[in-house]
Amino acid sequence: MTSPSPIRTALLAYGMSGKLFQAPFLAAHPGFELYGVAERTEQRMRHDYPTIRSYPSVAEVLADPTIELVVVNTPSNTHFDLASQALRAGKHVLLEKPVATSVAQLQELLALAQQQSCHLLAYQNRRWDSDFQAVRRVVESGQLGQLFEVHICYDRYKPTLNPKKFKEEPGPGAGLLYDLGPHIIDQAISLFGKPLSAHKTVGSYRPNTQVDDFFSLHLRYPAGLNVWVSSGLLIADPVPAYVLHGTQGSYQKGRTDGQEAQLLQGLSPLAPEYGHEKPGQEGRLTLAAPDGTLSTAPYPAAPGDYMGLFESVFQAIRNDVPYPIRAEQLLWQNELLEQPATL
């Protein structure tokens with residue numbers, strides 16, 4: 001039995017996302033052929049991948065009939081337009097977050113993908129973080145009993161405005177909510193599904209900011225489960241990124257995934273040490289015995305591995321295996337992002 005041919009793939013940009021989070025995995029996974037990139041001026045990708053084919057425009061990438069998959073990893077305010085163009089050209093699309101800046105945009109993209117018999121696949125890599133994988137394992141184990149309070153945070157202290165203007169100038173997709181919100185909202189949805197209701201607040205606190213730099217969503221679920229997802233850019237002393245409380249115990253975990261740092265250092269995703277957390281970064285699991293006695297122990301995480309996302313992309317395109325980030329989950333995410341904030 002012959003193995004399927006590699007999926008010939010092109011990136012639409014080679015900024016941080018392409019350099020760290022996509023190209024190394026496409027190059028390492030045998031199911032892909034990292035073939036081309038759209039670079040209008042400086043051809044930076046050739047320094048890292050000498051055989052890459054550089055196209056002077058997105059239009060020329062899309063006009064190449066040999067390219068099957070296009071990674072839309074450009075600024076967020078271009079995602080809808082470029083994903084639409086790629087789908088109309090008959091390409092499968094791996095689309096960076098946010099996949100859209102409105103529910104209507106996402107519905108249009110999903111309809112277009114179905115019409116073109118193409119896959120529209122969301123790049124939600126934080127599902128494959130080591131810390132979140134540990135959280136998922138604790139939740140699915142049932143050790144905490146009935147969950148009633150969950151916090152998922154993504155906090156930083158970055159008072160200086162981002163030099164990337166598309167993140168700081170008012171407009172669709174700008175601000176922290178659409179930058180980090182898709183990561184942690186997706187994590188909540190992947191664990192607990194669609195909430196019964198949601199209450200959202202946003203704020204702007206950095207000097208001279210024109211966009212939001214804080215948000216919090218309170219998601220209410222059946223059986224009394226309350227989930228808070230929040231992020232801020234002026235959090236000087238962050239609390240643990242994940243805090244879970246149930247009737248039989250608690251769990252807390254820091255945002256300790258090291259893949260980004262390892263990729264910045266040039267470590268290959270295939271290296272034996274890739275994805276492993278550092279000693280001492282284990283989560284804390286506290287469980288109650290039947291007599292009420294509490295015991296606390298470290299709860300180590302398995303290695304993080306963004307290659308799992310690319311394996312899912314490969315299986316979806318070549319073998320029509322359902323992609324784990326489902327269309328309805330993306331719609332729920334965008335409903336929450338688009339929902340008006342309240343006081």
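Predicted model: local features only at pLDDT ≥ 70, side-chain atom pairs only at ≥ 80, totals over all residues.
Student: Why is Ser117 called exposed?

Tutor: Its relative accessibility is 63%. Exposed means over 50%. Ser117 therefore counts as exposed.

Student: Which value does phi of Asn208 take, and where is Asn208?

Tutor: Phi is near 70°, positive in a residue other than glycine. Asn208 sits in the loop between strand 8 (197–203) and strand 9 (214–220).

Student: Why does Asn208 count as exposed?

Tutor: The relative accessible area of Asn208 is 68%. The cut-off is over 50%, so Asn208 is exposed.

Student: What makes Arg8 and Glu33 a salt bridge?

Tutor: Their closest N and O atoms are 3.0 Å apart. The rule asks for a side-chain nitrogen of Lys or Arg within 4 Å of a carboxyl oxygen of Asp or Glu, so the pair qualifies. Arg8 is in strand 1 (residues 7–11) and Glu33 in strand 2 (residues 32–38); the pair links distant parts of the chain, 25 residues apart.

Student: Why is Glu33 called partly exposed?

Tutor: Glu33 has a relative accessible area of 30%. Buried is under 20% and exposed is over 50%. Glu33 falls in between, so partly exposed is the label.

Student: How do you know that Lys97 and Asp179 form a salt bridge?

Tutor: The N to O distance is 2.8 Å. The limit is within 4 Å, so this pair passes. The bridge ties together parts that are 82 residues apart in sequence, because Lys97 lies in the loop between strand 5 (92–96) and helix 5 (103–116), while Asp179 lies in helix 8 (residues 176–179).

Student: Why are Lys97 and Asp179 called buried?

Tutor: Lys97 has a relative accessible area of 15%, and Asp179 has 17%. Buried means under 20%. Both labels therefore hold.

Student: What is the peptide bond between Lys97 and Pro98, cis or trans?

Tutor: Cis, with omega at about -10°. Pro98 is in the loop between strand 5 and helix 5.

Student: What makes Arg136 and Glu140 a salt bridge, and where do they lie?

Tutor: Their closest N and O atoms are 3.6 Å apart. That is within 4 Å, so the pair counts. Both residues lie in helix 6 (residues 130–141), four residues apart, about one turn of the helix. Arg136 is buried at 18%, whereas Glu140 is exposed at 60%. Shared partners also join salt bridges into one network of Lys97, Lys167 and Asp179.

Student: How many salt bridges does the rule give?

Tutor: The count is 15.

Student: Which residues are closest to the centre of the largest pocket?

Tutor: The largest pocket holds about 900 Å³ of space. Of its 41 lining residues, Lys97, Lys164, Phe166, Lys167 and Asp179 are closest to the centre. Helix 1 (16–28), helix 7 (165–168) and helix 8 each give two or more residues to this lining. By class, the lining has 16 nonpolar, 12 polar and 13 charged residues.

Student: Why is Leu234 called partly exposed?

Tutor: Leu234 has 32% relative accessibility. That lies between the 20% and 50% limits, so Leu234 is partly exposed. With Tyr157 and Tyr205, Leu234 makes a nonpolar surface patch of about 340 Å².

Conventions:
Residues numbered from 1 in each chain as written. Heavy atoms only, no water. Buried < 20%, exposed > 50% of the residue type's maximum accessible area, 1.4 Å probe, protein only. 1 Å grid on protein atoms, 1.4 Å probe; cavity = no way out; pocket = protein on both sides within 12 Å on 5 of 7 lines; lining within 4 Å. Points joined across faces, edges and corners; volume = space filled by probe spheres on them. Nonpolar A, V, L, I, M, F, W, Y, C, P; charged D, E, K, R; others polar. Patch = residues over 30% accessible without salt bridge, like charges linked within 9 Å, V, L, I, M, F, W, Y side chains within 5 Å. Areas by Shrake-Rupley, 256 points an atom, 1.4 Å probe, with all protein chains shown as cover.
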